[in-house]
Amino acid sequence: LQKRQFETLVGLAEDFHTEALSVVEELRRMDKFVGIDLVSHAMESNTAMHKKLVRLKKLKNYAALDHKMINNMKKAAKTEKYKLKLNKEGKIIIENTKDVDMVIKLLCDYYKQGVVTGKNYGTYSGKYFANADNLD
């Protein structure tokens, strides 16, 4: 039994879809994105997007989306030679599926750096350490 089939069987797929929809609506209400409908469309045609959006909801990174965070997103985007597009009002422009994928990655802190080795990683996984200052 594949993971996706299992999730469908036990009803998790519908739960992920519902949660993902709520994230898209929260992003829409923030009014910091142009083209947010493309995220909705990507979500409807790609079930993997559901989990990414649920991960974003768990992290709540988008709640702190401000000019400083957007600048950090622009810097992180350069990791994949991607240019985060903004309009004159400073809203993030989403024009295609590549934009959808990158904006979700950036909002999920997909780009991480190892504390010990300093190596850079790209992953949606990870556990947030509220007391990370204790790592020094």
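What follows is a talk about labels and the values behind them.

Mentor: A word on conventions: this is a predicted model, in which local features need pLDDT of at least 70, side-chain atom pairs count only at pLDDT 80 or more, and totals for chains, interfaces and linings use all residues. Residues are numbered from 1 along each chain as its sequence is written, and side-chain values use heavy atoms, with hydrogens and water left out.

Trainee: Which elements does the chain have?
Mentor: The chain has six helices and four strands, where helices (H or I, at least four residues) and strands (E, at least two) are DSSP runs numbered from the N terminus. Their order from the N terminus is α-α-β-α-α-α-β-α-β-β.

Trainee: Why are H3 and H4 called oblique to each other?
Mentor: The axes of H3 (residues 37–45) and H4 (residues 48–59) cross at roughly 125° and come within 6 Å. Axes here are lines fitted to C-alpha atoms, for helices over the stretch in contact, with angles from 0 to 180 degrees between N-to-C directions. Angles under 35 degrees count as roughly parallel, over 145 as roughly antiparallel, 65 to 115 as roughly perpendicular, and the rest as oblique. H3 and H4 are therefore oblique.

Trainee: Which residues of H3 and H4 meet?
Mentor: Val39, Ala42 and Met43 in H3 meet Met49, His50 and Leu53 in H4, with contact meaning heavy atoms within 4.5 Å.

Trainee: What makes Glu25 and Arg28 a salt bridge?
Mentor: A salt bridge needs a side-chain nitrogen of Lys or Arg within 4 Å of a carboxyl oxygen of Asp or Glu. For Glu25 and Arg28 the N to O value is 3.3 Å, so the pair meets the cut-off. Glu25 and Arg28 are three residues apart in helix H2, and are therefore separated by about one helical turn. By this rule the count comes to twelve salt bridges.

Trainee: Where do Lys91 and Asp31 sit in the chain?
Mentor: The side chains of Lys91 and Asp31 meet in a salt bridge at 3.1 Å, N to O. This pair links distant parts of the chain, 60 residues apart: Lys91 in the loop between H5 and S2, Asp31 in the loop between H2 and S1.

Trainee: Why does Asp31 count as partly exposed?
Mentor: Buried means under 20% relative accessible area, exposed over 50%, and partly exposed in between (1.4 Å probe, protein chains only). Asp31 has 46% relative accessibility, so it counts as partly exposed. Lys81, with a relative accessible area of 79%, is therefore exposed.

Trainee: What is the phi of Asp31?
Mentor: Asp31 has a positive phi of about 60° although it is not a glycine. Lys81 likewise has a positive phi, about 55°, and is not a glycine. Most residues other than glycine have a negative phi.
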